[in-house]
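Hi there,

Here is the structure I promised to pass on to you.

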Amino acid sequence: MSGSAPEFFEDAGLPDAGSGRGPARPGRVPYRAVLVVVLVAALVGGELADHLVHRPSARRPATPLAAIAPSTVESSAWYCAGGTSEGGSTAAATLQLLNTTDRPARATLSAVSDTGRHASEPVTVPPRAQVAEVPGSLVGGNFVAATVELAQGGVLVTETVDGPLGWSATSCSRSTATSWYFASGSTVNGGTLAVSLYNPTTTVAVVDMTFATPSGVEQPQPFEGIVVAPGALAVEPVDRYVQDARSVSTIVSVRTGAVVAAALQTVSAGGSTGLSVRLGVPAPARDWAVPRAIDLTGGLTVLSIFNPTPTSERVVVSARPFDSPAATFSEVVAPITTWVLETTGANRIPDGIPFLVTVRVRGRGAGVVVDRSEDAPSSFVRPQFGASSALRVGSGGGTEVLAAPGSAPNPAVPGAGLATLDLFNPGPHRLVARVSALQASGAVALVTVHVAAGAALSLGPAASTGIGAVAGLAQLGRVPLVVSATAPVLAVENLAPAATTGVVTMTGARG
Amino acid sequence: MSSQQTAASSAPAVVAVVVTRDPGPWLEDCLRALGAQDYPELVVVVVAPGGADPTARIGRTCPDAFVRRIEEPLGFGAAANEVLGVVDGAAFFLICHDDCAPDPSAVRLMVEESFRSNAAVVSPKLVRWDDPALLLHVGMNADKTGAVVDRVQSPEIDHGQHDGVRDVFVAPSGCFLIRADLMAELGGFDPSMAAMAEDLDLCWRAQVAGARVIVAPDARVRHLEATAPGVEPVLTGTDAGASLQALQRRHELRTVLKCYQGASLLVLLPQILALNLGEILVALAMRDQDRVRSVVGAWRWNVAHRADLLAARRAVQRCRQVSDGQIRRNQLRGSARLSQYLSRVSHLGFEAAHAGAGGGASVPELTGSIAGAFSEDDSFDEDWDDRGHRPRGVRPRLLASRRSRLLVGLVATLLLVLGARHLIGGPFPTVGQLAPLSSWTATWHRFFATWHSQGLGTTAPASPASAVLGMLGTVLLGGMGLTQKVLVLGCLPVGAWGVSRLLAPFGSRRGRLFGAVAYLGLPLVYDALAHGRLDVMVSYALVPWILAALIRASALDPGAPAGAGRHGRSSRARWLGLGVLIALAGAFAPAVVVDVVVMAAGLWLGSLFSGTARQAGRAVPAALQGILAALVLSAPWVIGVGLAGPHALGVLGEPSAPARAVGWVALLRFDLGPVGGSALSWLLPAAALLAVLVGSGPRLAWAARLWTVAALAFGLGFAVDRGWTGSFAPTVGVVLVPAAVAVAAGVGLGVAAFETDLVGLRFGWRQLAATLLVAAAAVGTLPAVAEVGNGSFGLPASGYGQALQFVSARPGTSSRVLWLGDPAALPVGSWTISPGLAYATTNGGPPTAGDVDAPAAPGPAAQLDEAVQLAREGRTVHLGRLLAPAAVRYVVVVEDLAPTVAGVGGAVADPPPPDLVPALDQQDDLRQVPGGNGFVVYDNTAAIPERAARSGGPVRAVRAVSGPAAGLAVPTPADLAGWRPALGSSSSSGYRGPVHPGTVYAAMAPAGAFHLSVRGAPAPAAAAFSWAAQFRVARGGQATLSLAAVPWGGIGGGLEVVLWVLVAAVLVDRRLAVAARLRAVGRARAGRAEAPPGRRSARHERVGR
């Protein structure tokens, strides 16, 4: 046998072992067919398994900006922007720190003004209590931003602003982001629009801003390459460059680093005044909701549906008055374009009747950003104007926490309180929600309600439809509320004093 | 007028010179044959040097012959030269041995051909004495080094295949015709050449003088090859003791030194020296002492006879009419001896190729493993002429000849070299596992070291890969860059060679060639190279060998005796050899153990189809034995891995994000990277189905086994790819290697089946399918061929070593870098945080090769994992503070395989989980460093140095047992305040530097393994953060921080090395024993086959003929 003798070439029981010269006719071996069948089955089986078994997405899970950190976290922080200092006085900012835990929360409040002045102070929030802090008092200047850094979780920080034109409230953000979107805005009739870019990180941020107006997309050179130093605040007066635009949608894009962006809109025209401070939306979404809107005679309710993506989106808006068929509106929204839908003029939506608005994106796009703005007649209680982001479906949790508009001895504005508490059930099943008031002694249950699938429910003094007012809520309007539900629920407060629903709102934070 | 009549009337005189000494009975036959010549002018002169006087015998048989009796026992050449002094007027001499018997027309035909071809030297066709149908010589060739190669493969049946007049380089001295005037001008044979190569010398000189040497095959001479007049006297004289091989080699060298011009010698001598050196090395390895002595002796002898040599050389050059360039055109290209040796190795294997070594016994016949089955013999199929040209009218058989296969091999080699041209020239980028190697001493030191800096410090034994790298680096004289290139790029040819060897027993040379080329054509290895996956590359190289060893160790050959395998090797040696291969591969790719199990299971399950599962079931225990042997060979490292507990599985590989799974279809075509996305990549797996479709017998049975192996590998790879196997996540590329081997071997089997199983069948779908699939196999390599243009097989041009130099610790300081990213993209060995996210640390900057093999357990570094998780979950905004005790100065998030260079093209994107960077962005104490594409770097503003000192008190932090940071030792602001770099100077004894009273902190685990001496006195030690070391310094001064632990690493490493040496000795000894056995078998066989009726002549056992 030669050196390379075929030692495993020879198979027991196989023909022509060792000779290498096989039988003249292949195909006689019976197991060939079995082998082929097994191979084909394996091939097909693998492909089927690959297709049938779900492959998890690598997309980043959308986390709400205003979710309260669990009480067990090592540390947490909140970032607030958009307001002015007392010196600026247009929209003097007050931070509301709500401690939902049963132990004192020690925090450090660091404020920075648009002039670059920094200051910080320690803050202690008693258990199950809410305190107000005015960052402008620390640093002065015109605009102000603040970081609330905590050695624990369980604390919610919101921001209220008030001034001669009215007042507004918004959540602060628990994180920075590299993109922010504002669907609505206006620079007509003396309206002002300023975007605060707050960089609470230790990295320099470089920001570009893009505006979508009815006349097209604008990228003014002064809004390109805005450098925001670490810990600094930059305020960009949009109205100085984008003038007389009835609708201004804004994209804040961060080239390097990350920022927090908030917009301050003021309106003072025709006797109607108001302002709104809004935290931006960091990412478009496919489903949005406004649990309660009301068209007023002589007023204007507008939905601004902004498509910041590079692809067109088919958007369907459904406006459903309670107990009535829904009115549906559909539109293909082009890239970097805003669909301004005025529900007030729609015949299918009766005036004075609260209605639920849902906005859904058909197709496979990333989605849109939705704002709702209200403009009431000047004869109504001031402020008559207000704007806020719609609720992003999917961001809600089983527990929603809503800070009070100031503490009882120190309200955000005189007489500030709850008008309605609106609950929206985005899920497919009816849920049970319990509303509690958070007091120093603990949570006091107020009411337990059922919310039908895909429906909204309003509670409170101004809730004239649905189940109506709930006894006790009016008295507790200035205490924080906790909504505990059997399924994810979205909660939003309409606050008074204001001309109508939606002028001053406070969105619940996931607890 | 007939030619015979013409010769009779005016024939030039021919003198037949028969040299004889103590002849046997064949002398009479010789003389009778000469006497029976039809050539009229033939005179016979018998020269009888030494020995008994044969005059009476000659007179009885050939009374007309002249006898020249010489008392001195001259050699053959010197004796033949006697005719020059005694004969005058002859036109030709017919130089003859006394055991030659020319056919009656032989002399006439040679004379006629001499005139017709204007040739001065004419060689007849020499055939066997007792069986004229068998050829002995039809002229001979020689290469530029003087190595003589026969034109026929004796014994070769004469059916006219060589019956053409042609130029040859050597006319064998058994019988040839030479013009008398030329003989006189040349001075006859070189008298210094008592025996061996005298014909080479004469013919070479004849050609230098402008003469032509031809063979006239019509002239036939029977040759007994029984006697060698003149040999014995020489061997008993001054050259007593010299072997025939020694004579041959020194005479060859003398001829070369004589016959070349000076310029040619300048060029050729270095080549000859290099060849001789290589031959000596191989001969030494195979204990072929005779060959070593012969080669060395050739040089010594020629140097010793330099005066005589110079005189002879001057004489030759005086006769020169032809340049060396023209002479070279008559010689064989390349090295005949080397190609003959390589041919033997490739056909017979290493042992058998040397089986004939030592003692000059016949080497085994070049029959090939399938010689009896296929008519694929080169010379049988194709009759190449002496210049290497194919004669007209001969239709080539595709890839049937050795030369054509060699050509394919050369083309493949050329493509590989071209494809890797950018890698050959410069250093590898720091991509994947291709971190730069440390010096060879540092590599060895790492293997024997007790403490390693990985993680936060570990005493786990180093991977055996360090020893392998150290050994390679030592062999390559410390060239670690070259070591890395050899290791990485060598994997391609070694793997292809392994597949060729795997297919050797199936007997089809074309099958072996197709299998090897198919293996080279699969995208798997190029994708691995593009990703810097050394583990996949090494698996690619060694798994074919492991599979072959597994098959041998399984003793699947029913014909082998019980307990014995190839060449009678014992079962212990077989699984020990398998274990060595597994251990070698496992040093770089531990997941190869999974491959072995998959292959064993596949062999067994695949045998179910052919009903031989019971026999093939031995593969499983054989595999387990091999794995056990490998584990023992790597015992220290294995023990370290075992002690890692649940982390142990991590050494096999780390899970990638299921969302980034490549999918079933991509796996089937080995599309794991930039190569393989083409639809052409389907062709090779498809071609591997050929053996299943048309094969029969063993080819079908083995196709079933190989496809079962492939199916299991694909299935496991798919499960791992999709993340279904949890923390058991062997590297997908490594898992797919058995499938690649099976597919490539399937292609080779298919070609074998194409050659064998379709013979005799009418044309039908099988032929059509077979033709298409064979063509598909060839076309299927095109995606890989297309990568040649890239120059680096897709490996990025730059790695993290260059891009992240800025994270290096400044001189005198010490810090760590925390690496986060997909484990497939990290340029460093890592531990899993979650599928698709892993972490690792490097000390003081970008990774080196020592960081590639991470210990199985992270040890205290696990707290880095927990801290990062806290950040990802939004449970801290102070990640920097949590990382500070570990001296993490920089956090590098790897998003791509390599840094992206704008405008040059991106690398493969291996993004980390999408929540990672946003989570790090939220950290108050991490500052993102601008710049860089493909990675994000954060500067930890809270970091403290790895070795630090402060005037304040010790660290007070303790490990939290509950709350969000449970398990973490959370530092307070006071714990991190006031530290300055210290002990920044590194020496063999530890870290040195001045310290002041206060506290010295060392972020090096385990805490108890270090001690600090200040002014020679030990400083009180305590643990900080429950794992780091801190020392209280009462009095300042020069301090040294050193390891104070039992050197288990050195002890374990030493024992491991000893074990390897012992195993190597056992295996080499076994191999030599096998070689010796083969030699004995070869001798016995040669004795049976070649034994002549009379005394066996040593004359014709000379090497190379």
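Below is what turned up when I went through the structure.

First, some housekeeping. This is a predicted model, in which local features need pLDDT of at least 70 and side-chain atom pairs count only at pLDDT 80 or more, while totals for chains, interfaces and linings use all residues. Residues are numbered from 1 along each chain as its sequence is written, chains are lettered from A and ligands numbered from 1 in the order in which they are written, and side-chain values use heavy atoms, with hydrogens and water left out.

**The two chains**

Chain A has two helices and 36 strands, and chain B has 42 helices and 29 strands. Here helices (H or I, at least four residues) and strands (E, at least two) are DSSP runs, numbered from the N terminus. Of the 511 residues in chain A, 59% are buried; for the 1105 residues in chain B the figure is 60%. Buried means under 20% relative accessible area, exposed means over 50%, and partly exposed lies in between (1.4 Å probe, protein chains only).

Contact means heavy atoms within 4.5 Å. Among the contacts in chain A with a separation of 6 or more, 76% are between residues 24 or more positions apart, and for chain B the corresponding share is 76%.

**The nonpolar cores**

A nonpolar core is a set of buried Ala, Val, Leu, Ile, Met, Phe, Trp, Tyr and Cys residues joined through side-chain atoms within 4.5 Å. The largest one has 135 residues, and those with the most contacts inside it are Tyr519(B), Tyr526(B), Ile546(B) and Phe670(B). Helix H35 (residues 732–756) of chain B gives this core its largest share, 16 residues. Apart from it lies another core, of 72 residues, among them Tyr79(A), Ala91(A), Val123(A) and Phe143(A).

Tyr526(B) is worth a click in your viewer. Leaving aside residues up to four places away in sequence, Tyr526(B) touches Leu416(B), Leu492(B), Leu520(B), Val675(B), Ala784(B) and Phe793(B).

**Helices in chain B**

Tyr526(B) is one of the buried residues of H24(B). Helix H24 (residues 523–530) of chain B has eight of its eight residues buried, so it is largely enclosed by the rest of the structure. Just after H24(B), Gly532(B) takes a positive phi of about 65°.

How do helix H22 (residues 491–503) and helix H23 (residues 509–521) of chain B pack, and what is the angle? The angle is about 145°, with the axes 8 Å apart; axes are lines fitted to C-alpha atoms, for helices over the stretch in contact, and angles run from 0 to 180 degrees between N-to-C directions. On the H22(B) side the contact is made by Leu492(B), Gly495(B), Ala496(B), Val499(B), Ser500(B), Arg501(B) and Leu503(B), and on the H23(B) side by Gly511(B), Arg512(B), Gly515(B), Ala516(B), Tyr519(B) and Leu520(B).

Helix H2 (residues 26–35) of chain B is another one to look at: seven of its ten residues are buried, so it is largely enclosed by the rest of the structure. The buried residues of H2(B) include Trp26(B), Leu27(B) and Glu28(B). Their cover includes strand E1 (14–19), strand E2 (42–49), helix H3 (55–61), strand E4 (92–97) and strand E5 (100–102) of chain B.

**Salt bridges**

A salt bridge is a side-chain nitrogen of Lys or Arg within 4 Å of a carboxyl oxygen of Asp or Glu. A few from chain B:

- Arg69(B) pairs with Glu71(B), the closest N and O atoms being 3.6 Å apart; Arg69(B) is partly exposed at 25%, whereas Glu71(B) is exposed at 61%.
- Asp181(B) pairs with Arg179(B) at 3.0 Å between the closest N and O atoms; Asp181(B) is partly exposed at 46%, and Arg179(B) is partly exposed at 28%.
- Glu252(B) and Arg249(B) meet at 4.0 Å, N to O. Both lie in helix H9 (residues 244–259) of chain B, three residues apart, about one turn of the helix, and both are buried.
- Asp190(B), Asp201(B), Arg205(B), Arg254(B), Lys258(B) and Asp308(B) are linked in a network of salt bridges.

**A loop residue**

Lastly, Arg956(B) sits in the loop between strand E20 (947–950) and strand E21 (980–981) of chain B. Arg956(B) is exposed, with a relative accessible area of 65%.
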